Amino acid sequence: MVKNVKHVHFMGIGGSALAGVAILAKKFGFKVSGCDLQKKTAYSQTLTRFGIKPFVGHNLSHLKGVDILAVSPAVLFTTPLHSEVIEARKRGILMTWQEFQGKYLQKNKTVIAIAGTHGKSTVAAMIGLVMEEGGLDPSVEVGALVPAWKATVRFGKSKYFVCEADEFNYNFLNYQPGVIIINNIEMDHPEFFKNEADFQQAFVKFIRKIKPPKILIVNEENQGVQKLLMEMKEWLTKEKVKVIGYF
């Protein structure tokens with residue numbers, strides 16, 4: 001684990017996820033820089049509004065004085081031999097943005113993680129907005145633009161952190177949620193998961209990371225969720241996980 005992190009560089013900062021996490025990182029007190037192949041993206045204005053001016057293109061010089069290079073998992077699959085990636089791996093400072101978020105932005109937070117094949121962005125935004133309206137002041141990370149915030153994220157000063165929890169690349173295993181919400185479980189990402197059973201086991205591993213208050217909220221009508229609950233029934237009882245179903 002990288003220690004004494006001060007400067008985080010986001011490679012591909014023009015994307016919705018990296019742009020949002022970069023904004024949160026800056027609000028949390030990190031020095032933030034980033035680069036993208038495109039001079040303008042859908043999130044350029046949002047980054048500018050938060051005082052982040054990305055480099056155009058990729059270059060090793062971007063890593064000068066950087067403590068962490070945060071990338072999208074897609075970069076590791078599509079361009080693993082990129083010079084910035086190779087150098088960061090050599091220096092031991094390479095991680096996905098999910099790893100960074102889990103280790104640094106969610107540290108000492110009560111994490112509310114929304115998982116499932118469909119609907120993560122919608123539910124994460126709704127929960128964030130409800131908590132905001134209720135005065136709970138959460139930090140929120142969503143994979144889509146939330147009009148009320150004019151960004152994909154919201155920075156809050158409370159103990160709560162709401163986020164999407166994506167199963168691809170086992171990304172959600174970087175989080176330790178106290179509350180897990182699962183909308184549905186239907187086979188997805190065949191380029192990563194071998195079969196439906198392999199896909200299902202990713203959710204088993206994810207739920208096993210739950211920590212107090214240990215609340216699991218699930219769509220009981222979904223067949224994938226039903227299979228998951230049956231498989232984990234004994235473990236959920238043993239670990240005293242509070243399971244709340246909805247239809």
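Start at the second largest pocket, about 220 Å³ in volume. A pocket here is an open set of points on a 1 Å grid over the protein atoms alone, where a 1.4 Å probe fits, with protein on both sides within 12 Å along at least five of seven lines; lining residues have an atom within 4 Å of a point. The volume is the space filled by probe spheres set on the points, which are joined across faces, edges and corners.

This is a predicted model: local features need pLDDT of at least 70, side-chain atom pairs count only at pLDDT 80 or more, and totals for chains, interfaces and linings use all residues. Residues are numbered from 1 along each chain as its sequence is written, and side-chain values use heavy atoms, without hydrogens and water.

Select K39, S44, K53, P54 and V56: of the 14 lining residues, these lie nearest the centre of the second largest pocket. Then colour α2 (44–49), which gives the most to this lining, with three residues. Helices (H or I, at least four residues) and strands (E, at least two) are DSSP runs, numbered from the N terminus.

β3 also supplies at least two residues of that lining. Follow β3 into the open sheet, ordered β3-β2-β1-β4-β5 with parallel pairing. Strands pair if DSSP finds at least two bridges between them. The edge strands are β3 (55–56) and β5 (94–96).

Next, select β1 (7–11) and β4 (68–71), joined by four bridges. H9 has L69 as its bridge partner in β4.

Finish at the largest pocket, about 330 Å³. Show S16, A17, W97, Q98 and D166, the closest to its centre among 21 lining residues.
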